[in-house]
Amino acid sequence: MARDVTVVDYGIGNLFSVCRALEHCGGKVTLTADPEIIQNSGRVLLPGVGAFAHGMEELARQGLVEAVQGAARRGNALLGICLGMQLLLDESEEFGLTAGLGLISGRVVPIPATTVAGQPQKVPHVGWNELLPANEGTTWQGTVLADTPVGSAFYFVHSFMAMPTDPAHRLADCIYGGARVAAVVARDNVVGCQFHPEKSGEFGLTLLRTFLA
């Protein structure tokens, strides 16, 4: 049975691929920039690629900041992907300090240019990486990762990383350069994935099916 999901169309992100993946998973997709539809949707997906400041600028220009915040504060399910995940936080250091949506407390910071061993590492972080629980005792039961086995690989492309203030808001991490990088963040009904589920094969589709359910 099709499940309604609203994809925020603010001109940033691979909207076609995201919508196609959701439809493949049984989603009934509405792609829109209408604030009223977004705010009243029971299930909202915020995509995005590129720079944080540009993303927030476009959301503000189209009157969508309050709509996305309103949907989250009504308890509606909200999933941010890649830049969309980073926008969920309070602020980002990319190209100066820029305020975000403030739905998950924390800051977006650069991925270090060196590994934990002090060796130079490639930035951006591009490619497949495995997910592991972010904290000892973290369970994925009842979350968007409920049907995702630990160690499943997803596709990442990013130069900045989310740093939630509360470690409990980190659901899953990956390891890059020997350091933990937040891969999935979550606070109540608000969830963000740093990777691209629509580009992550069957595991990515499994995550989207769980979100739709």
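**Pockets and ring pairs**

The second largest pocket holds about 220 Å³ of space. The model is predicted. Thirteen, written 13, is the number of residues lining this pocket, and Gly50, Cys82, Val157, His158 and Ser159 lie nearest its centre. Helix H5 (83-86) and strand S10 each give two or more residues to this lining. By class, the lining of the second largest pocket has five nonpolar, six polar and two charged residues.

The largest pocket has a volume of about 280 Å³. Its lining counts 16 residues; Gly142, Thr143, Val144, Asp188 and Val191 are the closest to the centre. At least two lining residues come from each of strand S4 (77-81), strand S12 (170-176), strand S13 (179-187) and helix H6. Here the lining of the largest pocket splits into eight nonpolar, five polar and three charged residues.

Now the aromatic rings. The structure holds four aromatic pairs. One of them joins Trp128 and Tyr155, with 5.8 Å centre to centre and 65° between the planes, an edge-to-face pair. Trp128 sits in strand S8 (residues 125-130) and Tyr155 in strand S10 (residues 153-158), so this pair links parts of the chain 27 residues apart. Tyr155 is partly exposed, because its relative accessibility is 22%.

Phe154 and Phe203 also pair. Their ring centres are 6.4 Å apart and their planes lie at 40°, so the pair is tilted. Phe203, at 35%, counts as partly exposed. Ring pairs also gather Phe154, Phe156, Phe195 and Phe203 into a cluster.

Technical notes. Residues are numbered from 1 along each chain as its sequence is written. This is a predicted model: local features need pLDDT of at least 70, side-chain atom pairs count only at pLDDT 80 or more; totals for chains, interfaces and linings use all residues. Side-chain values use heavy atoms; hydrogens and water are left out. Rings of Phe, Tyr and Trp (its six-membered ring) pair if their centres lie within 6.5 Å; planes under 30 degrees apart count as stacked, over 60 as edge-to-face and the rest as tilted. Helices (H or I, at least four residues) and strands (E, at least two) are DSSP runs, numbered from the N terminus. Buried means under 20% relative accessible area, exposed over 50%, partly exposed in between (1.4 Å probe, protein chains only). On a 1 Å grid over the protein atoms alone, a cavity is a set of points where a 1.4 Å probe fits but cannot get out, and a pocket is an open set with protein on both sides within 12 Å along at least five of seven lines; lining residues have an atom within 4 Å of a point. Grid points are joined across faces, edges and corners, and a volume is the space filled by probe spheres set on the points. Ala, Val, Leu, Ile, Met, Phe, Trp, Tyr, Cys and Pro count as nonpolar, Asp, Glu, Lys and Arg as charged, and the others, Gly among them, as polar.
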